[in-house]
Each structure stands twice: as C-alpha cells, then as structure tokens.
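Load the model in your viewer and keep a selection panel open. The stops below say what to select next and what is there.

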Amino acid sequence: MKPENLRPEYPRPQFVRPEWLNLNGEWEFDFDDARQGLLAGWQNQRLGDRIHVPFPYQSELSGINDKGVHEVIWYSRTFEVPAEWRGRDMLLHFEAVDYSTVVWVNGQEVGHNQGGHVPFSFDISPYVNPQGSNRVTLRVEDRQDPYQPRGKQSTTGLPHHIDYYCTSGIWQTVWLEPAPSMRIESVSITPSVDDSAFKLSVYLHAPSACWTIEIDLLDGGQIISTVRKDTPRATLNVTIPVPSPKLWSPDSPHLYGLRVRLLSEGVVNDEIESYAGLRSVELRDGKVILNGEPIYLAMILDQGYWPESYLAPPSDEALRADVIWAKRMGFNGVRKHQKIEDQRWLYWCDKLGMMVWGEMANARAWSSRAEDHLTSEWERIVRRDYSHPCLIAWVPVNESMGFPGLQKSHPGQYAFLERIVALTRRLDPERPVIDNDGWEHTDITDICAIHDYSPNSERLRERYVETLAGGPLPANAWDESKPMFVRGSRYRGQPIMLTEVGGYLMERSDLPKEKWDLLYAAYGTTVSPEDLLAKYEDLMEGIASLPFISGFCYTQLTDVEQEMNGLLTYDRIPKIEPEKIAAIHKRLFFPK
C-alpha cells in the first residue's frame, strides 16, 4: 500500500461536504521518551523518522513496527491550501488520536484534545499561510494509565490474557475541509415510523438571526419530499415527511438520502449531504421490537483488531468485509466490543443491514478521574453516532471493567453506573441502555445482559433449570464470583440475553500446554473445524431451548493475538464454512 493512498475514502459519511483534502500518508515522526520535545521546540523543527498515518507506530502498516512502550510521540507534515479555498474557514479534522493531543500549525498552538476514540477539529484559518507551504505538528501522550479509557489495549504494552498490543497516536484519518464561516455545525436525525417522517435537529455555527433551512429527502437519487423553514435561532427542529415509507431492517436496509441547506436572504451559505434509515426500536414483553415486530438478536462479538494495524482499520474494504462475513454466517447483529469504531464501519452496517450495540472502551481502574474521562468521551461518542439506523443499543460499561468494587456493591461505583445510564438516556431517549454488560447490574438496566461461557447445552440448561421451571434467574453469573445484580437491585422483567457465549479456543499444537495463555483455563476448547462446528451447533441448541432468552452474542468474529476463539482467523480466513453456521441459525432461531 503506497503512503499516498492510505484510507482515501471520505471519513464522515453522514455529514458530507464535497471539498476536502486527505492528509493521510507519510508524516515525520519521533519518539520523545525523555520528554524533551517541548523544551527543545520540536513544534518548530523537522522530526527524524517517518511514519505512515493513520496507523499506530506499534503496527506493521505504520512502517515503524515498534512494539515497545513510548508514552510521548510527535508527528509533523507540510501541506498546501488549494487556491480556491482561500477566504473560507479551514477545519483540520482528526478522526481519532490516542490519547492526549496538542496541535500546532506553523509553530503556533491551535488546540488540544483528550480522548483516544473521538473525533476533534480546529479552525486553523488564522494560522495558515494562504499561499505556499504550511506545517502541522502534533505532540501525543498515551500513557500506560489504567485510569484512561483503553479498551483491550494492554497496560503493559504486551498482549496477554484478554489484552492486546496498544494503538498509540493517530489511528484514523486526518483531513482538511474548507467551510463557510456561517455554516451547518451538525445534524441529528431521529426516525419516526409512527409518523412516517424523519425529525431533524439542525445546529448552526452562526448567531441567532434570520436563517432559512431547506431539506430534501431523496430515494434512489430522486427528491420525494422537501421542507423549508425560517428560524430566528441557531438551532432548529424540522420534521420531513416520508411518502410511501420503506423501513430499514437487517433483511431490507433501505436508506434515504438527505440534503440540508442553510440560506440567508435567499443565498445558500452551506449545504451538506447525509442519509437516514426509517426504523423503530423498543423493548416490550421481554423482547426487542424492531419496526413493531419481535426480533431475535443473533449477534457476534467483534473487537475490530487486525494483525497488520491493530485497532486502526487497514482499509475501508476491510471494514466492509467484516460486516459481510457476519452476514454470511447468519448473524443479524454485532456487539462492537470495547472499541468505538471508525464511522465508515457504521456506514457499512447501515448500508448492508447489521444491527449494532455501541460499547465504550473502558478503563481498568477506578477513581473520580477515571469516571470523568469515561463520561466525557462517552458523551461525545453518543452524539457522534446518534443518527445511524444500525445502532440499536448503548453499552457504556462491560464486565465492571474499571469498576472492581461493584462485586461488593460499592455504592459510589453503583451510583456512577446509574448516572451514566441516565446521561445516555438524556442524550438518546430512543435506544435502550445496558448499564454493565455481563453481570453486576443495577436496578435500571434496560436489558439483562448475561455472559455465560457454559461449554455445552447440557451445562447451559443445568444453570437455568430453576428459571426454566418458572423460578428466578441464577443469583450469580457463569463466573460464580460475579453476582447477577448488586446492591439490592433485582430482575424486573427486562429482555434477557446471553451477550457472551461460546468462546471456543482452538487448541495449540505449537506450544506445550504449560505455556498456553490463561484464557484456556476459562473457555472451552476445540481440536478441529469439525469439532468447532459440532460444539457450536450443540451450544446453539441449548440457547434455543431457553424460551426466556431473546438473543445471544457469540464470542467472537475473529481471533485476536493469543485469543484464538474466532470463527475467522486473525487474517480473516473462515474456520468453518460460513453458510453452515447460517444454516444452524435459520433452523433454530429463524425457521420461517
């Protein structure tokens, strides 16, 4: 892959302006282990090494491929502004940089960001030379800090147990966009199936004044509905009707196009293109209801790692391919695990038809600072992804990661779970929220999400024998040390799902058993593809025999480092013919 062709696709598919400049490719780079860069003025100097952006230095595709821990790193490159952009604001966008970033343009500090999974941008027009060369420099600090939201990135820098190599620095697209000074800042799209309409909230980068918003709704490239509304404010709520509505679902992922224009005195100031899917999600009678009908969730856990680039997607096609693999296997949903994925992946889920649970990358230790870090980043992510029709649920915390006191009903940590659920509902009242996926739930979780790695159908039914007879759920999860509910909370009729199951690890012939990872003491194992298929089918039959279960999530889509329990290998080779897995799902969960 040539450096000038790295991730060339438009990075923000639900908010598109036609003009942009991709800044991926070869950048100057250096480690700053001695933390001398600021004192030495590196923001005004050339750096000594080269890296391929947007890939982390730890990975092969970066051209560095250094697995060591370097907590401070620097980037720099030059760019020129196209002549036709002059006179407009210049928005410098970073889709994701892990973790804490300071940005200079032409030696002047323009801003900073904290949060490794969220996009951020700066208007750099005051710092840019309109003619000739400009220089952008970043100082990024990514500490081995257990209080920092890090997902499955190891706190030692080395893969072990359920943790993997780190992804430091720039790991998604960097780009430059010209925009008018009076412009559309953002658009939130809420589908309303009952009203056969989309409800849009339009936010302006402009003062409250006399503005006009025009919105076109398109189907197959043809305008089918238009609304025009005047407003004296910098925010506006607009409803656009959908004639002869076509609903979005995994089997029929219909998308409508949107064009939103900002006008002043009849003159167009700004225009963006977007898209939307018309669908409803609710919970009723212990079931998930999609578009008014119960739907069984057959999900797969997807951690979004690649051997050549780790958390950074190697290409847009790689993102699309993972969605297609899951669909070929007969899954209708993906639980993106401990990662906020590239917006292009959500686009492919929207377009190809795959329901998604969006999950935050958690810290590994608890403190008030860790809570603040998680809350700040989570709020930005919910706002970023709100308009995607594929997204049907939110998961701010998984398996009490970063909240070890929940096991003993720590009141402060319990209170935080309730606060993060409440915050998520305020940001998005349309989708269910799972407080703590796996176990140790509060009283207000919308779904009782249980992790259960029972190795076969017999053991699974034994665990729920009392529930099958009309009794309560087991008091503890599959891990007997983990209570299902904590601090006096209890099950209150929510949908029950087994949101991590299976996890069958392929036994390793290349290592003696005493050197196998600790994972092998927790999960079941298989010795061949035939054995894996037989165990998978047996487990699915066990799940299907539990009538109170409304969905499951199998662990996992791909192998990741030492965690060799994927239905695909790390480099995406299927261990079992995908259609055989799909046939099991159809027979047991979707017989009609």
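Which hand does the crossing of α2 and α3 have? The crossing of α2 and α3 is right-handed, where right-handed means that the near helix is turned clockwise from the far one by less than a right angle, and left-handed that it is turned anticlockwise. Before going on, note that this is a predicted model, in which local features need pLDDT of at least 70 and side-chain atom pairs count only at pLDDT 80 or more, while totals for chains, interfaces and linings use all residues. Residues are numbered from 1 along each chain as its sequence is written, and side-chain values use heavy atoms, with hydrogens and water left out.

**Stop 1: α2 and α3**

Select residues 316-328 for α2 and 343-352 for α3. Helices (H or I, at least four residues) and strands (E, at least two) are DSSP runs, numbered from the N terminus. The two helices pack at an angle of about 40 degrees, with their axes 9 Å apart. Axes are lines fitted to C-alpha atoms, for helices over the stretch in contact, and angles run from 0 to 180 degrees between N-to-C directions. The angle makes α2 oblique to α3; under 35 degrees counts as roughly parallel, over 145 as roughly antiparallel, 65 to 115 as roughly perpendicular and the rest as oblique.

Now show side chains. On α2, the contact (heavy atoms within 4.5 Å) is made by Asp316, Leu319, Arg320, Val323, Ile324 and Lys327, and on α3 by Arg344, Trp345, Trp348, Cys349 and Leu352. By class, this contact has 7 nonpolar, no polar and 4 charged residues. Ala, Val, Leu, Ile, Met, Phe, Trp, Tyr, Cys and Pro count as nonpolar, Asp, Glu, Lys and Arg as charged, and the others, Gly among them, as polar.

**Stop 2: the largest cavity**

On a 1 Å grid over the protein atoms alone, a cavity is a set of points where a 1.4 Å probe fits but cannot get out, and lining residues have an atom within 4 Å of a point. The largest cavity holds about 80 Å³ of space. Of its 14 lining residues, the closest to its centre are Ile340, Glu341, Leu346, Gly358 and Asp385. The lining has 7 nonpolar, 1 polar and 6 charged residues. A volume here is the space filled by probe spheres set on the grid points, which are joined across faces, edges and corners.

**Stop 3: α4 and α5**

Select residues 368-385 for α4 and 411-427 for α5; the axes come within 10 Å and cross at roughly 20 degrees. The helices are therefore roughly parallel to each other, and α4 passes α5 in a right-handed crossing. Contact residues of α4 are Glu371, Leu374, Thr375, Trp378, Glu379, Val382 and Arg383, and those of α5 are Gly412, Phe416, Arg419, Ile420, Leu423, Thr424 and Leu427. They comprise 7 nonpolar, 3 polar and 4 charged residues.

**Stop 4: the largest pocket**

What lies closest to the centre of the largest pocket? The pocket, an open set with protein on both sides within 12 Å along at least five of seven lines, holds about 1,000 Å³ of space. Of the 39 residues that line the pocket, Glu185, Ser186, Val187, Arg383 and Arg384 are the closest to its centre. Colour β5 (89-94), β9 (120-123), β13 (183-192), β14 (197-205) and α4, the elements that give two or more residues to the lining. β13 gives the most, with 8 residues. The lining divides into 16 nonpolar, 12 polar and 11 charged residues.

**Stop 5: backbone details**

Most residues other than glycine have a negative phi, and most peptide bonds are trans. Zoom to Val53 and Pro54, where the peptide bond is cis, with omega near 20 degrees. Pro54 sits in the loop between β3 (49-53) and β4 (72-80). Then move to Asp98 and Tyr99, also joined by a cis peptide bond, with omega about 20 degrees. Tyr99 lies in the loop between β6 (97-98) and β7 (100-105). Finish at Arg7, which is not a glycine but has a positive phi of about 45 degrees; Arg7 is in the segment before β1 (21-22).
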